[in-house]
There are 2 protein chains.
Amino acid sequence: MGAKNPFEGLEVRSRRGGPVKEPLSRDHIVAEALRLLEKEGLEGMSLRKVAAALETGPASLYAYVEDLEGLKALVLDRALAAVDLSGARWRDWRERLKAVLLSYLMVLYKGRGLAQLALTTSAVGPHTMRIVETLLGLLEEGGLDRATAAWSVDLLLLYVTAIAAEQSRGHDPSHPGGPIARAIAGASAEEYPHVHASRDDLLAGDGAERFSWAIHVLLSGMLQCPAPMGRASGRLKPSR
Amino acid sequence: MGAKNPFEGLEVRSRRGGPVKEPLSRDHIVAEALRLLEKEGLEGMSLRKVAAALETGPASLYAYVEDLEGLKALVLDRALAAVDLSGARWRDWRERLKAVLLSYLMVLYKGRGLAQLALTTSAVGPHTMRIVETLLGLLEEGGLDRATAAWSVDLLLLYVTAIAAEQSRGHDPSHPGGPIARAIAGASAEEYPHVHASRDDLLAGDGAERFSWAIHVLLSGMLQCPAPMGRASGRLKPSR
């Protein structure tokens with residue numbers, strides 16, 4: 001929080017002669033920024049545009065948010081409040097974990113620009129922490145040592161965020177008439193023998209099938225490969 | 001390629017009275033677009049800006065590139081020409097594969113905006129094909145059936161692209177004084193017991209250690225989890 005007067009912008013509003021607005025608050029700013037992000041994408045969420053939408057000047061925002069990076073972190077965390085962590089209907093820890101990751105994916109899909117934001121913003125705040133806490137618990141329930149579980153959370157969230165970022169721009173690699181399908185179908189057996197031989201497999205499966213398989217791959221790999229420092233720390237013995 | 005006259009823009013240049021420029025070509029356009037991308041990021045690479053840098057009008061470009069998406073695909077493929085596929089000094093297929101992925105990561109790191117481009121652009125073109133061909137060959141050498149190798153290439157490239165996209169924005173989760181480190185260190189044992197217990201592990205390891213471990217996890221998982229259609233197709237029996 002800066003030292004500026006949070007009501008600096010009010011005069012601007014009163015000069016416009018419009019109806020009396022609610023006073024600025026961090027909550028209002030974050031809500032408006034999220035609305036702009038979902039409507040216009042990451043480029044639409046500048047401090048200038050948020051201020052304009054709230055009918056105030058950018059300077060007024062600095063009393064509530066440190067800078068654009070700070071605002072992005074608040075917006076991301078607010079959006080992640082929608083992630084469903086219960087996974088209650090599954091008994092198996094893998095299925096519960098997959099349900100949480102799927103909910104995270106769906107939340108990122110929903111808002112245009114949200115996946116881009118998640119990929120490039122430091123994820124902090126209570127809702128992010130809640131997700132990390134849940135995933136750590138599930139992975140330890142599955143038998144991972146504490147260190148491997150810690151690195152695994154990072155890898156799982158990065159994978160799912162990347163899927164969302166890739167797809168949210170309308171990028172669909174397996175689209176039958178799309179450029180990737182055309183390029184693969186056109187690869188010659190002489191120049192690209194493996195691509196040619198695998199052309200059907202390269203384009204097979206929909207997003208849901210590939211997602212499910214990838215999570216399966218990641219969990220199997222994690223169960224087999226303890227993180228380097230995990231070999232020493234163990235599951236029940238804290239690393240400090 | 002459109003039907004427009006590629007020299008449409010020349011008059012603009014002659015009116016400026018500058019030195020005689022080389023005539024436009026797809027090669028020039030792609031080289032200039034890549035230069036702009038690396039200098040200004042993805043936002044800097046609009047058709048308008050590329051045209052301005054070449055001292056012509058955007059309309060002139062349409063004789064050489066179909067649209068911005070087409071230009072992006074050409075730029076990405078040109079950048080990927082720098083990926084080193086030899087991995088010659090390693091005998092083990094895993095090490096050769098890791099060397100290729102590391103070279104791919106380094107290429108994406110180098111150019112600002114390149115990782116973002118790779119995440120959101122349909123990767124086609126000869127240099128992309130060359131990378132897919134090499135990875136497929138290495139994975140089949142490692143014993144993966146053809147279908148699993150095909151899906152694995154996608155997963156490996158997505159993971160590495162995401163790492164590059166995350167880091168190229170200056171996002172370093174494990175930075176000691178960074179917001180993530182502060183948030184994790186500040187997580188209370190009551191509210192977030194797993195985060196609190198794992199706080200050291202969550203921040204342990206540098207990028208290279210985590211990358212190496214993640215590739216190990218992915219390969220181990222892939223070797224254990226055949227893709228759904230892979231179970232039927234097998235390695236030596238083509239899927240058609």
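**Domains and chains**

Author: Domain 1 of chain A and domain 2 of chain A bury about 1400 Å² between them, and carbon and sulfur atoms give 65% of that. Buried area here is the accessible area (1.4 Å probe) that two parts lose on being put together, summed over both.

Reader: Before we go on, what am I looking at, and how is it numbered?

Author: This is a predicted model: local features need pLDDT of at least 70, side-chain atom pairs count only at pLDDT 80 or more, and totals for chains, interfaces and linings use all residues. Residues are numbered from 1 along each chain as its sequence is written, chains are lettered from A and ligands numbered from 1 in the order in which they are written, and side-chain values use heavy atoms, with hydrogens and water left out.

Reader: Where do the domains run?

Author: Domain 1 of chain A covers 26-80 and domain 2 covers 88-226. The bounds come from an automatic or database domain assignment. Their centres, taken over C-alpha atoms, are 28 Å apart. The contact (heavy atoms within 4.5 Å) takes 16 residues from domain 1 of chain A and 22 residues from domain 2 of chain A.

Reader: Switching to the chains. How much area is buried between chain B and chain A?

Author: About 6000 Å², with carbon and sulfur atoms giving 66%. W151(B), D201(B) and W213(B) supply 13% of the area that chain B buries against chain A, more than any other three residues.

Reader: And how many residues are in contact?

Author: 66 residues of chain B are in contact with 65 residues of chain A.

Reader: How many salt bridges there?

Author: Two between chain B and chain A. In a salt bridge, the side chain of R210(B) meets that of D154(A) at 3.0 Å, N to O.

Reader: Which helix gives the largest share of the chain B side?

Author: α9(B), with 14 residues of the side that touches chain A. Helices (H or I, at least four residues) and strands (E, at least two) are DSSP runs, numbered from the N terminus.

Reader: What rotation superposes chain B on chain A?

Author: 180°, with 0.0 Å of shift along the axis and an RMSD of 0.0 Å. That is the relation of a two-fold axis. The superposition is by least squares on the C-alpha atoms of residues with pLDDT of at least 70 in both copies.

Reader: Which C-alpha of chain B is nearest the axis?

Author: That of G221(B), 2.0 Å from the axis.

Reader: What share of the chain B contact residues recur in chain A?

Author: 98% of them, and the same surface serves both copies.

Conventions: Salt bridge = Lys/Arg side-chain N within 4 Å of Asp/Glu carboxyl O.
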